[in-house]
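Let's take a walk through this structure together, one region at a time. Keep the viewer open beside the text and turn the model as you read.

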Amino acid sequence: MNVTPELDRRFREAAAGAGLLDVAYDLADSPVGELLVATTERGLCRIAFEPDEVVDELSQTFGRRVLRVPSRLDTVRRQLDEYFEGRREAFELEPDIAVLPEFQRRVLDELARVPYGQLTTYGALAGRIGQPRAARAVGGALNRNPVPIVLPCHRVVGANGSLTGYAGGLHIKRRLLELERALLAG
Amino acid sequence: MAIPPFERFYEEHRDIVFGLLVKRLGRQTAEDAFQETFLRALRAYPRLEHGEHLRAWVMKIAERVSIDTVRKLRPMPEIPDLESIDERPSYQDLMDLTADLPPKERAAVVLRYGYDLPYDQIGSALGSSTEAARQAASSGVRRLRRKESQ
C-alpha cells in the first residue's frame, strides 16, 4: 500500500527533528542544472552537479543516515536562488568541511575570501596560504571542493587567464563568471 | 553486501511496511506506527553490520511496533468471547448475572467488564496482584459460561 506524500513528509520531518540524521539533503533547480544540496548538523556539506552519484558518497563520508528532508535545506535553496537571480553576492551559510584534510581546508578557507565578481589564480591562492609553489596541489584541492558556488572555486583561473577546469564542467564555470560579470565580454 | 544510504532503504521498503501495518492495525493507527517503525530502524541503522535481509529486518521491527501499539491501545489481553461484545453490559445486568459468583470473582468480573478497569487497578482494589485479579475475572467468566450452558 502506498505511503501518502503527507505521511512520507511527516516521517522525514520527525527523523530530522529527532536529530537522528547524519545528512539531510534535497534537490534544487538552478540555471546550471539540478543541484543536490546537503547539510549536516554543523553546516552545508555538499553541493553537487550530478545528484545521482552523490547520495552514496555522502553515506560513506558522513554516515549512512542520509535522508532527503527538503525543509532542512530551505535557507540554502533560497540563497542559491537569490544568487542565480543576481540578488545575492555573499552567502550566509556555514560550510561543514571538518572531514577534509588540513591542507584542503586551508585552501578552501582562503578561497572563501575571494570576493564576488573577482578572479584569482591557483598560484596566487597558493601564495596566500604560504605555499607559493603548491599551485598544482591547490588546483587539486579546489577540484574536490565539496561546496562549489558557495565556496567560489569558479573564481580561480590559470595564470594566463584560461578557465582551466571545473568539477561541474567548464560551461558551468563560464556561466557563473558571466553571472558575476567577472569575464570580459567577447 | 553494502548497507545502502538510509534514503534508499526507506524508499524501497516504506510501501510494504505501511501495507503490513494497515493490515495489522487499520489505516488510522498504522500512520503513527509507520513513523515509529522507521524511527526505530533509523536509530538502529548505524549498528547494522551488513545489508542482507534488510526487508526481513524492517518487517520484524514493524511487527514489534504493531504488537506494542495493540498493547497500548488495549492494556490487557482480553477473554475472547467477552471482548467481542460491542458495548459494555450495564452495571445492573452484570450485578444480576454475577450474583452467584464467589465474592472475589464477582468483584473482578464487575470491575473488569462493568467499569473497564485494567487488571493492575483491579488487583489494587482487591488487595491482590495483577495476575491474581486476571485469574479471578477469568475463572468468574468460566463459571458463568458453565452456568449458561447448563
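A:Arg181 counts as exposed, because it has 11 C-beta neighbours inside 10 Å and a residue with 12 or fewer is put in that class. You will find A:Arg181 in the segment that follows α7 of chain A. Its backbone deserves a look too: A:Arg181 has a positive phi of about 55 degrees although it is not a glycine. Please keep in mind as you go that this is a predicted model.

Is A:Thr164 buried, exposed or partly exposed? With 17 C-beta neighbours inside 10 Å, A:Thr164 counts as partly exposed.

Now turn to the place where the chains meet. Chain A brings 20 residues to the contact, and chain B brings 19 residues. On the side of chain A that touches chain B, α1 (5-17), α2 (51-62) and β4 (66-68) of chain A each supply at least two residues. Which of these elements gives the most? That is α1(A), with five residues. Sorted by class, the residues on this side of chain A are 12 nonpolar, three polar and five charged.

Within α1(A), the residues A:Phe11, A:Arg12 and A:Ala15 are buried. Looking down the axis of α1(A), you see these buried residues fall within an arc of 95 degrees, so they line one face of the helix. The face turned away from the buried side of α1(A) carries the exposed residues A:Glu6 and A:Gly17. What do the buried residues of α1(A) pack against? Their partners are β4 of chain A together with α2 (27-44) of chain B. Just after α1(A) comes A:Gly19, which takes a positive phi of about 70 degrees.

Why does A:Phe11 count as buried? It has 23 C-beta neighbours inside 10 Å, and the class asks for 20 or more. Leaving aside residues up to four places away in sequence, A:Phe11 touches B:Phe34, B:Gln35 and B:Phe38. Within its own chain, the C-alpha atoms of A:Phe11 and A:Val69 are separated by 9.5 Å, with the two residues 58 residues apart along the chain.

Next comes α2(A), where the same kind of reading works. Its 12 residues should span 16 Å at 1.5 Å a residue, and the end C-alpha atoms are 16 Å apart, which agrees. Buried in α2(A) are A:Val54, A:Val55, A:Leu58, A:Ser59 and A:Phe62. These residues cover an arc of only 140 degrees around the axis, which puts them on the same side of α2(A). On the other side of α2(A), A:Asp52, A:Glu53 and A:Gln60 are exposed. The cover over the buried residues of α2(A) includes β1 (23-28), β2 (35-39), β3 (44-48) and β4 of chain A together with α1 (6-25) of chain B. Just after α2(A), A:Gly63 takes a positive phi of about 125 degrees.

Further along chain A, look for a pair of helices. Helix α4 (residues 102-111) and helix α6 (residues 135-143) of chain A pack at an angle of about 80 degrees, with their axes 9 Å apart. That angle makes α4(A) roughly perpendicular to α6(A). From α4(A), the contact uses A:Phe103, A:Gln104, A:Val107 and A:Leu111, while α6(A) brings A:Ala137, A:Val138, A:Ala141 and A:Leu142. By class, this contact has seven nonpolar, one polar and no charged residues.

Finally, step over to chain B. Its secondary structure comes to eight helices and zero strands. Chain B has 150 residues, of which 29% count as buried. Among the contacts in chain B with a separation of 6 or more, 61% are between residues 24 or more positions apart.

How values were computed
Residues are numbered from 1 along each chain as its sequence is written. Chains are lettered from A and ligands numbered from 1 in the order in which they are written. This is a predicted model: local features need pLDDT of at least 70, side-chain atom pairs count only at pLDDT 80 or more; totals for chains, interfaces and linings use all residues. Two residues are in contact if their C-beta atoms, placed from the backbone, lie within 7 Å. Helices (H or I, at least four residues) and strands (E, at least two) are DSSP runs, numbered from the N terminus. Ala, Val, Leu, Ile, Met, Phe, Trp, Tyr, Cys and Pro count as nonpolar, Asp, Glu, Lys and Arg as charged, and the others, Gly among them, as polar. The arc is that of the directions from the helix axis to the C-beta atoms. Axes are lines fitted to C-alpha atoms, for helices over the stretch in contact, and angles run from 0 to 180 degrees between N-to-C directions. Angles under 35 degrees count as roughly parallel, over 145 as roughly antiparallel, 65 to 115 as roughly perpendicular and the rest as oblique. The expected span of a helix is 1.5 Å times one less than its number of residues.
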